[in-house]
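Here is a short report for a reader new to this structure. Please look over the sequence and the model first.

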Amino acid sequence: MIERIKELTKEVESFSPKESSEIEAFRIQYLGRKGFIQELFKEFKLLNPELKSSVGKPLNELKQLITNKIEYFQHHLKESRSDDKYNDMDLSLEGPSIKPGSRHPVSIVKNQIVDIFSRIGFTQSTGPEIVDDWHNFTALNFPLDHPAKDMQDTFFIQRNPDFVLRTHTSSIQVQEMQRHKPPIRTISLGRVYRNETISYKSHVQFHQIEGLYIEKNVSFADLKQLLYYFVQQFFGEHFDVRFRPSYFPFTEPSAEMDIRPKNGDKRWMEILGCGMVDPNVLKNCGIDHEMYTGYAFGMGIERMAMLKYDIQDIRILYENDIRFLEQFISER
Ligand code: PHE
């Protein structure tokens, strides 16, 4: 029996499993109910007391050895398996850098403009993109069927041509004048649509910001001062500004504002339209035009972005070209 114990001890010592299923088979073979150890203990019972005392110790040692082996490999196999997985991984290495997204230049410029005007008390207003003819044209002093409507080539809703995709955010201003009593000081912003040929400088959809201020004794001088402030905040100090007489059905007098870099490029660039709100418009929107006057101005956000960031083609703003958009990561 001693021989058998020695033999088994050798076997157990050389046992080195590669998978956990081998450990389980080993456990059953040695410690199971019909395993080697049970068999040995059965034999052991039959031994005479003398032999018992010399076999008992090595037999118990063998049993302990088996238990230890099993425990060791149960633990160690798990570890070495996870070692394999992470073997060629250096956890102290820096991970790949995650590129932060960037805001779209149209959003950046919109936020900048909104900031500038909200600092001096303008609220923000928005409205629907599909509006009736009245909000887009009639209330704004476009005579019915007057060719002035052609100034802004319009998308009409086919099912009901009384409704249009708004051609300017002035439709929001009409809504604001109907809803609120003066003083009104708001900038209206959103997407607008015009049925134009797409080219480097125009698109069928773009964004506008329009301002409206209505109060007693508002004058054209107030409008000019406001716009000087705006240009200086948005473009910086180094621009000359001029007003050019113009025409809009909803303002009288009307003007367009141009800017030009103080040195270098001598070209004037048009940036916005503006004027004193026509008394007819105030009347149409239920505001006492004898008591109140107001000014309005409007600009295209894409156009402002193009001027500020020297973008030559409006279409690139809608192409989602990562190489273009990535350049704005550092902008707010
Ligand atoms: N609504 C005009 C446009 O879309 C811009 C404008 C607004 C002009 C307010 C004057 C006053 O062209």
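## Aromatic pairs

This is a predicted model. A pair of aromatic rings is described by the distance of the centres and the angle of the planes. The model holds 22 aromatic pairs. One of them joins Y30 and F36, edge-to-face, with 5.1 Å from centre to centre and 85° between the planes. Y30 is buried, at a relative accessible area of 3%. F36 is buried too, at 19%, because the cut-off for buried is under 20%.

F122 and F297 make another pair. Their ring centres are 6.5 Å apart and their planes stand at 70°, so this pair is edge-to-face. The pair links distant parts of the chain, 175 residues apart. F122 lies in the loop between helix 5 (105–118) and strand 1 (123–125), while F297 belongs to strand 9 (residues 293–300). Both F122 and F297 are buried. The two also belong to one aromatic cluster, formed by F117, F122, Y213, F230, F234, F235, F239, Y295 and F297.

## Charges over rings

Which ring does the charged end of R185 sit over? That ring is F122, with the charged end 6.0 Å from its centre.

## Around the ligand

There are 14 residues around the ligand. H168, S170, R194, Q208 and E210 come nearest. An N or O atom in the side chain of S170 is 3.1 Å from a nitrogen atom of the ligand. For R194, a polar side-chain atom lies 2.9 Å from a ligand oxygen atom. For Q208, an N or O atom of the side chain is 2.8 Å from an oxygen atom of the ligand.

How much of the ligand does the protein bury? Taken alone, the ligand exposes 320 Å², and the protein buries 93% of that.

## A buried glutamate

E256 is found in strand 7 (residues 251–261). E256 counts as buried because its relative accessible area is 14%. Its side chain makes a polar contact of 2.9 Å with the side chain of S246. Leaving out residues up to four places away in sequence, E256 touches R242, F243, R244, S246, F248, E270, L272 and G273.

## Helix 10 and its end

Helix 10 spans residues 301–309. Its residues I301, E302, M304, A305 and M306 are buried. The buried residues of the helix pack against helix 5, strand 5 (205–215), helix 8 (220–235), strand 8 (269–277) and strand 9.

D310 follows helix 10. This residue is found in the loop between helix 10 and helix 11 (322–325). D310 is exposed, with a relative accessible area of 58%.

## Backbone angles

Most residues other than glycine have a negative phi, and most peptide bonds are trans. D310 has a positive phi, near 55°. N217 has a positive phi of about 60°, although it is not a glycine. N217 is found in the loop between strand 5 and helix 8. At 69% relative accessibility, N217 counts as exposed.

Two peptide bonds are cis. One runs from P182 to P183, with omega near 0°. P183 is found in the loop between helix 7 (170–179) and strand 4 (184–193). The other joins E252 and P253, where omega is about -5°. P253 lies in strand 7, the strand that also holds E256.

Definitions and conventions:
Residues numbered from 1 in each chain as written. Predicted model: local features only at pLDDT ≥ 70, side-chain atom pairs only at ≥ 80, totals over all residues. Heavy atoms only, no water. Phe/Tyr/Trp six-rings, centres within 6.5 Å; stacked < 30°, edge-to-face > 60°. Buried < 20%, exposed > 50% of the residue type's maximum accessible area, 1.4 Å probe, protein only. Helix = DSSP H or I, 4+ residues; strand = E, 2+ residues; numbered from the N terminus. Lys NZ or Arg CZ within 6 Å of the ring centre and 35° of its normal. Near = heavy atom within 4 Å. Polar contact = N/O pair within 3.5 Å; in protein donor to acceptor, adjacent residues only side chain to side chain. Areas by Shrake-Rupley, 256 points an atom, 1.4 Å probe, with all protein chains shown as cover. Contact = heavy atoms within 4.5 Å.
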